[in-house]
Amino acid sequence: MAASVDLNADLGEGFGAWRLGDDEAMLGVVTSANVACGFHAGDPALLLRTCRAAAARGVRVGAQVSYRDLAGFGRRFIDVTAEDLTADVIYQIGALRAVAEAAGTTVSYVKPHGALYNTIVHHPEQAGAVAAAVHAVDPGLPVLGLAGSAFFDSARALGLRTVAEAFADRAYQPDGTLVSRREPGAVLHDPVTIASRVVTMVTTGLVTAVDGSEVPITVESICVHGDSPGAVDIATAVRERLLAEEIDLSPFG
């Protein structure tokens, strides 16, 4: 049984006049914040406010890098070359690093977002491009992702630290990947059910897939999506249930 686990959420995902999620409330619950870098969401002023708020709460900041896809919120696959993808990821990490440092904190890890996250589970070229970008900026930056992914293979080959993530509010396929958001039931909404599921994942290393099978899962960090309806209630339920089970919540070391 894990004695400690990280709890993360995607934050800074509004843009201009459009607000998405309740970042202030989420920062009172999570231990790590995956902050958008401007390619799928997040304008500079919002990102600066988010990093300042994270610093004030003692929440660690990670760069959530994405395809260049504001219109699609980074949830559409883009057939970008490895060279361009590496440059795009370097650019995003660099931008958030400057914002974070101005806010009195730093970028402590990197997590891909949306379609990029899912693509590099099985796409070696793009997986290698993202890993190369992180390594080029700072070989000491850990990467957050799915255990068993091509991304983790590429990251380890470059000597990057990999941190296995599990999703509190997403359904799993029998092969351990996430059910596409285009499919019914891909996103879970009941806080009590989600909290119980997270405790099972953390304590047993298993998650029940959509076909009812039990799938092994590695859990070093739990993600609760900040843009889901009821996200704060879900994150709070997960936090309270983990603490009730005497599982410490702290950033991955």
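## Starting at Asn8

Setting aside neighbours within four places in sequence, Asn8 is in contact with Val30, Ser32, Asn34, Lys111, Leu144, Glu165, Ser221, Ile222, Cys223 and Val224; contact here means heavy atoms within 4.5 Å. The model is predicted, so local features need pLDDT of at least 70 and side-chain atom pairs count only at pLDDT 80 or more, while totals for chains, interfaces and linings use all residues. Residues are numbered from 1 along each chain as its sequence is written, and side-chain values use heavy atoms, with hydrogens and water left out.

Where does Asn8 sit? Its place is in strand 1, residues 4–11. Strands (E, at least two residues) and helices (H or I, at least four) are DSSP runs, numbered from the N terminus. Asn8 counts as buried because its relative accessibility is 0%. Buried means under 20% relative accessible area, exposed means over 50%, and partly exposed lies in between, using a 1.4 Å probe and protein chains only. One of the contacts of Asn8 is also polar: its side chain and that of Glu165 are joined at 3.1 Å. A polar contact is a pair of N or O atoms within 3.5 Å; within protein, one must be able to donate a hydrogen and the other to accept it, and residues adjacent in sequence count only if both atoms are side-chain atoms.

## Strand 2 and its partners

Let us move on to a neighbouring strand. Strand 1 and strand 2 pair in the parallel sense over 4 bridges, and Ser32 in strand 2 is the bridge partner of Asn8. Two strands pair if DSSP finds at least two bridges between them. Strand 2 also runs parallel to strand 3 (residues 60–65), with 5 bridges joining them; there, Asn34 has Gly62 as its bridge partner.

Together with helix 2 (residues 44–57), strands 2 and 3 make a right-handed β-α-β unit. Right-handed means that, with the strands pointing away from the viewer, the path from the first strand over the helix to the second runs clockwise.

## The nonpolar core

Which residues touch the most other members of the largest nonpolar core? Of its 80 residues, they are Leu96, Val198, Ile222, Val238 and Leu242. A nonpolar core is a set of buried Ala, Val, Leu, Ile, Met, Phe, Trp, Tyr and Cys residues joined through side-chain atoms within 4.5 Å. Not counting residues up to four places away in sequence, Val198 touches Ala168, Ile222, Val238 and Leu242. Ile222 is also among the contacts of Asn8.

In soluble globular proteins, nonpolar side chains tend to be buried together.

## The whole chain

Stepping back, the chain has 8 helices and 10 strands. Its radius of gyration is 17 Å, close to the 18 Å that the globule rule gives for 253 residues, so the chain is as compact as a globular protein of that length. This radius is taken over C-alpha atoms, and the rule is 2.2 Å times the number of residues to the power 0.38. Of the 253 residues, 54% count as buried.

## Two loop residues

Phe73 lies in the loop between strand 3 and helix 3 (82–102). Although Phe73 is not a glycine, its phi is positive, near 55 degrees. Phe73 is buried, with a relative accessible area of 17%.

Glu246 belongs to the loop between helix 8 (231–244) and strand 10 (248–249). Its phi is near 60 degrees, again a positive value in a residue other than glycine. Glu246 is exposed, with a relative accessible area of 71%.
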